[in-house]
Amino acid sequence: MNTNDQQHPASHPASPESGDAPEKRSNGSGWFILLFFIIGFIGSVLSGWLLFPNMLYSEKEQPIDFNHELHMGVVYEGCQSCHYFRSDGSFSGIPDLYSCSGCHQFVQGTDPEEEKFVNEYVLPNKEVPWLVYSKQPDCVFFSHAAHVKGAGMDCKTCHGDIGHSTHSRPYQENRLTGYSRDIWGYNIARLGEAKHGMRMKMNDCADCHEKETGHKGYCFQCHQ
Amino acid sequence: MKIDRRSFISLGVGVIVGSTLTPVPWKLTDDISIWTQNWPWTPVPKDGPDSYKTSVCTLCPGGCGIRVRKIVDRAVKIDGLPEHPVSQGKLCPLGHSGLQFLYGPSRVKAPMKRVGKRGEGKWQKITWEEAISAVTGKLKELRDEQKPHTVAWVAGDDRGTLPQLIYRFLTAYGSPNFIRPPTVQDAYELAAYLMQGQQGTVGFDIENADHVLSFGTGLFQGWSSPARMLSIYGKMHDNKKFVQIEPRLSDTAAKAHQWVPITPGTEGALALGIAHVMIRESLYNEAFVSKWAFGFEDWTDDSGKRHMGFKNLVLKDYAPEIVAEITSVPKPMIEKLARQFARAKKPIAVSGRGQGHLPGSLDECMAVHALNALAGNINQPGGVSVVAEPDYAKWPEVNIDKTASKGLQNARVDGAGSDQYPNARFLLHRLPEVINSTKGDSPVQALLVSDANPLYTLPDTQATKAALDKIPFLVSFSSFMDETASYSDYILPDHVFLESYSDVPTPPGTVQPVIGLSKPVVRPQYDTRPVGNLVIQMAKAMGSFVEKAFAWKDYQAYLKDALKDHWDQLEKKGFAFIKGPQDIPFTDQFNTTTGKFEFYPSARNNANGKDKDILPNFTKVAIEGESGQLPLILVPYDSIRLAGGEIGNPPFMTKTIDETVLLDQTVFVEINPKTARKMGFFEGDRVRLSTPRGQAEVKLHLYEGVEPGVVAMPRGFGHTAYSKYLTDKGVNFNKLIGPIEDPMSGLNAAWGIRANITKA
């Protein structure tokens with residue numbers, strides 16, 4: 001470094017004219033360079049905020065358009081009629097075909113979705129490949145019992161008011177990870193209220209835990 | 001004004017700078033990291049509904065209850081069974097690694113016949129019919145030649161229904177050679193038989209004791225039922241004190257309240273020194289000794305001959321200053337140990353080194369047992385009890401033919417029960433020497449091995465190999481390609497424990513009598529058959545009297561028959577309680593000739609009739625090698641992170657081993673820094689370790705926790721078979737040591753061997 005610094009002042013006065021020419025050239029194309037920089041910058045910012053979120057997710061429909069509102073009207077115990085705790089404390093989550101076929105052994109109404117459900121899944125005894133909006137990676141251990149029974153939380157705090165939905169909304173799948181857009185949240189900047197219940201990244205768990213219990217929790221509580 | 005290269009570079013820079021103000025790089029970084037977790041080519045077991053099955057682990061005799069989680073038909077996790085009375089929901093690392101035995105690469109997947117030379121590893125797959133007829137063909141041939149007594153069967157255990165079935169087969173066939181590998185229970189059982197006249201395993205009620213004096217026993221290193229001991233350690237509060245007497249600062253010594261270093265091999269002398277102080281200071285339980293013990297005081301027999309009692313022997317020969325000289329434990333420490341032990345409310349003394357792979361000296365075991373008697377804790381809560389063998393395995397007498405009768409009249413090949421070793425039941429360690437020293441044909445013409453791996457576990461691997469070379473017909477029933485299986489002529493692979501039924505009798509070392517039932521948790525993965533079924537199928541193929549001894553369709557039917565009273569409960573819960581010592585009145589506990597606890601065991605073999613040879617005494621067990629050329633003493637040590645017995649260490653456990661124990665493929669031996677400095681060695685030096693029996697290349701680990709002049713080596717390395725995850729890692733300790741016979745019992749009492757280290 002030192003040797004370079006010493007050479008510069010020595011070489012400069014030796015050719016004072018030759019130094020002007022490149023200066024002019026750079027002045028001329030300087031505007032272009034700035035213009036291209038601005039084009040690149042603005043294009044990048046715009047596409048990053050507007051195009052990227054839409055490109056990142058593909059949209060899928062649920063295999064059956066499920067009407068929660070309709071079912072809530074005919075069951076006795078609210079959410080727990082289908083999403084219940086087993087005797088060992090584990091949570092049934094998405095009901096399996098067996099639970100549904102108790103009522104839907106045959107087509108009962110006129111809804112084409114019900115007919116599709118009975119014909120394509122109940123009769124061939126095939127589980128419905130539901131797309132789970134709140135699905136987490138295998139390395140995450142989550143206990144519904146601790147939250148619902150222990151802390152007395154409502155289903156809708158995390159899952160939104162899904163119990164009164166009349167249609168299954170499209171499942172937006174992250175093309176890279178395969179998980180639902182709900183996990184990160186619909187707003188790519190993770191700003192404002194989440195659209196459907198709660199965002200479910202690790203920091204979201206930690207934030208809520210810190211707020212409610214005063215501590216973010218230990219690694220092994222969830223990563224068992 | 002021109003659009004040139006620099007404009008485009010500028011555009012690129014603009015894009016990059018701009019993107020940092022968007023979520024793109026941050027969101028993509030997060031997504032890519034998650035994407036890498038879910039690569040489709042990463043093997044992930046299929047997902048599906050989960051279920052749990054209860055069973056009992058049989059990887060060691062500990063008999064811990066297990067709960068196996070399954071996803072559809074694949075077992076994915078083994079945990080402890082919380083309601084199990086022995087293990088109480090705990091499980092040792094070996095039990096947790098159990099699935100690696102089920103799905104691991106070292107399994108023998110079908111019956112095999114050797115086609116190359118022995119041990120060459122060239123095998124041909126055969127059908128089960130071919131395999132069974134090959135074995136029964138050879139057995140028939142030997143019977144036709146009137147040599148059924150040249151058949152020997154080495155079975156992993158002698159308790160439970162499967163060993164009974166094998167024993168029955170050998171009896172009907174005409175061989176007295178049912179042999180079980182040695183364990184510390186040999187010494188415990190013999191001591192209990194001689195001093196209390198009771199047959200059975202010895203249980204130590206450590207749960208209810210408040211002062212545990214351990215003579216080198218690896219209480220927290222896999223002794224007895226490892227999960228039970230971990231559970232005791234977990235629940236330990238200030239109300240229980242552990243004192244560990246051992247030449248090495250082992251894991252147990254480190255966890256104990258007090259570690260007393262001692263010259264290796266002198267533990268028996270210390271026990272007698274402690275007895276001396278207890279007697280001299282009248283700290284022993286006089287009520288028990290005066291009412292329930294025989295041979296404590298001097299006595300006169302029917303012929304009027306005076307005999308020395310335990311009291312006078314100990315007072316005369318084992319004063320603390322004499323014992324301090326032998327053991328290098330200072331005199332005040334001996335007195336302190338004695339007073340602590342005697343003044344505790346419920347003291348208990350335990351003997352047997354490490355996990356209990358070897359019986360050790362009978363005298364040492366009896367000396368420690370005498371301490372328990374002095375404390376008056378025999379058959380008491382918090383004390384020592386003899387747990388009688390369960391009586392569920394009772395079957396009709398076997399009718400035998402003339403050939404079998406003649407065969408059974410022959411002496412056992414291992415010498416157990418002979419005039420020389422009248423009290424020993426099994427002496428497997430003698431077998432190689434017996435075979436190697438016989439000129440001409442080997443006394444064993446056919447050897448069958450199940451649940452055992454003598455080529456790895458027997459001392460002096462070279463001699464064992466030479467002995468196997470002399471046996472013309474070698475069959476292994478191992479589920480795994482272990483050392484013995486890979487050296488045999490035929491392999492008839494057994495199911496592993498998660499695939500088959502078997503009963504698990506009360507774990508040795510525990511007091512509460514309980515039977516466990518190991519059940520199939522998954523379908524058999526390969527073309528294997530349970531040994532029990534094979535015994536019955538072989539008997540059927542043998543025909544005549546042998547066939548008639550087996551009225552059962554298969555092993556499961558036989559097991560159900562044996563356990564009929566308990567079967568339903570065993571199926572449902574996995575274990576069942578049976579009658580135990582607490583159900584027997586105290587007055588009926590001693591079945592000796594005097595009906596008392598015998599400090600002077602009158603049933604002991606007394607060829608030369610000297611009182612000192614009959615009483616628990618200290619006779620230093622010899623050590624092999626000259627101290628001049630071999631200045632060091634090599635001792636083995638056990639770790640709960642290493643399977644040191646017949647079963648190979650699973651990769652899960654190998655992963656937990658410190659890099660001062662095994663690094664890459666080389667094992668470390670521990671040496672005291674003082675000794676190392678004197679010999680000019682440093683940490684990590686690669687050296688040649690030599691003993692009279694063999695040599696090996698090892699590395700040195702300097703450790704203050706081992707006595708000067710002693711080098712310590714872990715048991716469980718140096719496998720030459722199994723899979724690439726185990727082969728050639730470290731050195732097998734058994735390669736470097738030979739058996740040392742306890743002169744009184746014939747049991748293998750070797751505790752170490754002289755050794756030297758030189759620059760490699």
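This is a predicted model: local features need pLDDT of at least 70, side-chain atom pairs count only at pLDDT 80 or more; totals for chains, interfaces and linings use all residues.
Residues are numbered from 1 along each chain as its sequence is written, chains are lettered from A in the order in which they are written, and side-chain values use heavy atoms, leaving out hydrogens and water.

Back to α10(B), residues 267-280. Its 14 residues should span 20 Å at 1.5 Å a residue, and the end C-alpha atoms are 20 Å apart, so the two agree; the expected span is 1.5 Å times one less than the number of residues. Helices here are DSSP runs of H or I, at least four residues, and strands are runs of E, at least two. Of the 14 residues in α10(B), 13 are buried (under 20% relative accessible area, 1.4 Å probe, protein chains only).

Now for the sheet. Chain B has an open one of 4 strands, ordered β11-β10-β9-β15 with parallel pairing; strands pair if DSSP finds at least two bridges between them. The edges are β11 (258-260) and β15 (347-350) of chain B. Strand β9(B) pairs with β15(B) over 4 bridges, and B:Val212 has B:Ile348 as its bridge partner.

Finally, look across to chain A: 27 residues of chain B are in contact with 25 of chain A (heavy atoms within 4.5 Å). One salt bridge is counted between them, joining the side chains of A:Lys201 and B:Asp30 at 2.6 Å, N to O (the cut-off is a Lys or Arg side-chain nitrogen within 4 Å of an Asp or Glu carboxyl oxygen).

Methods. Buried means under 20% relative accessible area, exposed over 50%, partly exposed in between (1.4 Å probe, protein chains only).
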